[in-house]
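This report reads one model from the details of single residues up to the protein as a whole. Please keep the sequence and the coordinates at hand while following it.

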Amino acid sequence: MEDFKSGFVSIIGRTNVGKSTLINSLVGEKVAIMTNKPQTTRTAIRAIVNRENSQIIFIDTPGIHKPKTKLGNTMIDTAFGSVTDVDVVLFLIEATSEDIGKGDRIILEKIKEAKKKTILIINKIDLVKKEKLLKLIELYSKEYDFSAVIPISALKKDKIEIVLDEIEKLLKPGPAYYDVDEYTDQTLRELAQEVIREKALKLLDDEVPHGLYVVVEKMKLRKTKTKEDIYDIEATIYCLRKSHKGIIIGKNGTMLKKIGMYAREDLEKMFGTKVNLKTWVKVNEDWQEKDSIVKNFQK
């Protein structure tokens, strides 16, 4: 097809601005985990949208924040690195912003340096009045010549098709890089790890800080006695402190069981098969500073 277009699109923004919600809405599948905590996304996740005349490959990046660990520095490098390597940038900001804050200013400067075609997405428009929104649009439009400015509500999946249409306009003719039925480049193992981490972060609330990572030690597909497919998954949740371990396990193992139950339900929907999930908790102090672990979050 001569007029078929394709390209890579980076979604960039501060932490907790709604990038993962937006990417899941654009793709129509769960590819990025969502919690109300900052810095949930740690690597550049690729998600694929196949349209009639185009293939758009989104890169959801870690939120921009002030790094305090080696892991934090790696996340920031990943986010800014993605801006220079893509065809189009989606810059996501919040409609509730009064001004261009420090974090948004840093991102804006990176976009100016890269001179990329950029669409400004103003999220959470349901939380502000129209006058405030217009002021914000005017403020940002003076800073950069955006290819388009689109106010949206990612949670309500409002104007998602408009975002895709505007991106498609900016893409050049090119091939499909992925099969039509693919929607992420994450392996099933990576998806399993992320889903378990999401459930832990949501259920533990603020009791355990962000110092969690999950390793799937074993993942095997087998047939049950009734010839049904089932995945046997064994995973370890690593935390920073002994005190955190007790909280994650909970009294009589109740919290860990709950994390496992919710993760299993999600994974069964995603994989379309039964899942037998076993989870353990181990302590790995100061893992956020260990190169051998942090390098796993570099993409």
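Does Lys227 count as buried or exposed, judged by its relative accessibility? The model is a predicted one, and in it Lys227 has a relative accessibility of 64% and therefore counts as exposed, since the cut-off for that class is over 50%. Lys227 belongs to the loop that runs between β8 (213–223) and β9 (229–239), and its phi is near 65°, a positive value in a residue other than glycine.

Lys115 can be described in like terms: its phi, near 55°, is positive although the residue is not glycine, and it sits in the loop between α3 (102–114) and β5 (117–123). With a relative accessibility of 69%, Lys115 counts as exposed.

**Helix α1 and its residues**

Helix α1 spans residues 19–27 and includes Ser25, and Lys19 is also found in this helix. Lys19 is buried, because its relative accessible area is 6% and the cut-off for burial is under 20%. The C-alpha atom of Lys19 lies 7.1 Å from that of Leu92, although 73 residues separate the two in sequence.

Ser25 is likewise buried, having a relative accessible area of 10%. A polar atom of the Ser25 side chain is placed 3.0 Å from the backbone oxygen of Thr21. When residues up to four places away in sequence are left out, Ser25 touches Ala154, Lys157 and Ile160.

**Packing of α1 against α5**

Two packed helices are described by the angle between their axes and the distance between the axes. For α1 and helix α5 (residues 160–170), the angle is about 80° and the axes are 10 Å apart. The two helices are therefore roughly perpendicular to each other, as an angle from 65 to 115 degrees falls in that class. On the α1 side the contact is made by Leu22, Ser25 and Leu26, and on the α5 side by Ile160, Val163 and Leu164. These residues divide into five nonpolar, one polar and no charged.

Ala47 lies in strand β2 (residues 45–50), and at 0% relative accessibility it counts as buried.

**Accessibility of the residues discussed**

The table gathers the relative accessibility of the residues described above, together with the class assigned to each.

| Residue | Relative accessibility | Class |
|---|---|---|
| Lys19 | 6% | buried |
| Ser25 | 10% | buried |
| Ala47 | 0% | buried |
| Lys115 | 69% | exposed |
| Lys227 | 64% | exposed |

**The protein as a whole**

The protein contains nine helices and 10 strands, and 54% of its 299 residues count as buried. Its accessible surface comes to about 15000 Å², and carbon and sulfur atoms account for 50% of that area. How many of the contacts between residues at least 6 apart in sequence join residues at least 24 apart? The share is 72% of such contacts in the protein.

Methods
Residues numbered from 1 in each chain as written. Predicted model: local features only at pLDDT ≥ 70, side-chain atom pairs only at ≥ 80, totals over all residues. Heavy atoms only, no water. Helix = DSSP H or I, 4+ residues; strand = E, 2+ residues; numbered from the N terminus. Buried < 20%, exposed > 50% of the residue type's maximum accessible area, 1.4 Å probe, protein only. Polar contact = N/O pair within 3.5 Å; in protein donor to acceptor, adjacent residues only side chain to side chain. Contact = heavy atoms within 4.5 Å. Areas by Shrake-Rupley, 256 points an atom, 1.4 Å probe, with all protein chains shown as cover. Axes fitted to C-alpha atoms, helices over the stretch in contact; angles between N-to-C directions. Parallel < 35°, antiparallel > 145°, perpendicular 65-115°, else oblique. Nonpolar A, V, L, I, M, F, W, Y, C, P; charged D, E, K, R; others polar.
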